[in-house]
Amino acid sequence: MRITLVQGDITVQHVDAVVNAANSSLLGGGGVDGAIHRRGGPVILAACRELRASHYGEGLPTGQAVATVAGELPARWVIHTVGPVFSATENRSHLLASCYRESLRVADELGATSVAFPAISTGVYRWPVDDAARIAIGTVRAAPTRVTDLRLVLFTADAYDVFERTLETEGA
Ligand code: ADP
């Protein structure tokens, strides 16, 4: 698997699947979630509402992932995953790692071989970017997956720099 860092907007990535840092309601939010729904159009929200009406009546649990159509995005699927809110007193790293692992498992189920991830939990959920980068890169490198093109899309130059340093340290 090739891991590429991209600085920019995840909604313009031409990939099989785009990962959304959703919240458990699956009904939209700010940050990446808002951008994906805005650019992807209403069919994504309609698919999320169907999931709420069927398998995920109480919402998508933290650390899990589920796919929908991608609407107008230049991708075939959106894989929604719910990152943990950062806590200084409780170690929730396993839940953040689970988001990456479960998203890749769903990608494999779909047959998606190119996948773009945002830096899950580093926005409204306040996860420190250096620690989030370590968890993201460590987890995707260790994951058993058929994904061959994995992009980590960082919105800011600062986040990109942190991920770049982490990727170098991890011996990419
Ligand atoms: P969370 O609630 O999981 O923290 P956010 O969407 O608030 O999710 O933020 C996650 C990360 O996504 C942040 O680093 C934020 O800067 C970044 N981000 C926001 N919009 C976009 C976008 N359009 N493309 C890629 N990354 C984005």
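**Stop 1: strand 6 and its partners**

Begin by selecting strand 1 and strand 6, which pair in the parallel sense over 6 bridges. The model is a predicted one. Within this pairing, Leu-5 is placed opposite Leu-152 of strand 6.

Since 6 of the 6 residues of strand 6 are buried, the strand is largely enclosed by the rest of the structure.

**Stop 2**

Select Asp-161, a residue of helix 5. Asp-161 is classed as partly exposed because its relative accessible area is 35%, between the 20% and 50% limits. Then draw a C-alpha to C-alpha distance from Asp-161 to Leu-5: the two are 156 residues apart in sequence and 9.6 Å apart in space.

**Stop 3**

In soluble globular proteins, nonpolar side chains tend to be buried together. For the largest nonpolar core, which has 35 residues, select Tyr-100, Val-115, Phe-117, Leu-150, Leu-152 and Phe-163, the members that touch the most other members. Two or more residues of this core come from each of strand 1, strand 2, strand 4, helix 3, strand 5, helix 4, strand 6 and helix 5. Helix 3 provides the largest share, 7 residues.

Centre the view on Phe-117. Beyond four places in sequence, Phe-117 touches Ile-10, Val-19, Tyr-100, Ser-103, Leu-104, Leu-150, Arg-151, Leu-152 and Val-153. A second, separate core has 20 residues, among them Val-6, Val-66, Val-82 and Ala-116.

**Stop 2: helix 1**

Select residues 31-40, which form helix 1; its buried residues are Asp-33, Gly-34, Ala-35, Ile-36, His-37 and Gly-40. What covers these buried residues? The cover includes strand 2 (15-22), helix 2 (42-53) and strand 4 (75-82). After helix 1 comes Gly-41, with a positive phi near 85°.

**Stop 5**

Move to Ser-24, in the loop between strand 2 and helix 1. With 35% relative accessibility, Ser-24 counts as partly exposed. Apart from neighbours within four places in sequence, Ser-24 is in contact with Gly-59, Leu-60 and Val-82. A C-alpha to C-alpha distance from Ser-24 to Ala-35 gives 17 Å in space, for 11 residues in sequence.

**Stop 3: the largest pocket**

Rolling a probe the size of a water molecule over the atoms shows where empty space is left. To find the largest pocket, select Ala-21, Gly-31, Val-32, Ala-119 and Gly-123, which lie nearest its centre among 28 lining residues. The space in this pocket is about 620 Å³.

Key
Residues numbered from 1 in each chain as written. Predicted model: local features only at pLDDT ≥ 70, side-chain atom pairs only at ≥ 80, totals over all residues. Heavy atoms only, no water. Buried < 20%, exposed > 50% of the residue type's maximum accessible area, 1.4 Å probe, protein only. Helix = DSSP H or I, 4+ residues; strand = E, 2+ residues; numbered from the N terminus. Contact = heavy atoms within 4.5 Å. Core = buried A, V, L, I, M, F, W, Y, C linked by side-chain atoms within 4.5 Å. 1 Å grid on protein atoms, 1.4 Å probe; cavity = no way out; pocket = protein on both sides within 12 Å on 5 of 7 lines; lining within 4 Å. Points joined across faces, edges and corners; volume = space filled by probe spheres on them. Pairing = 2+ DSSP bridges.
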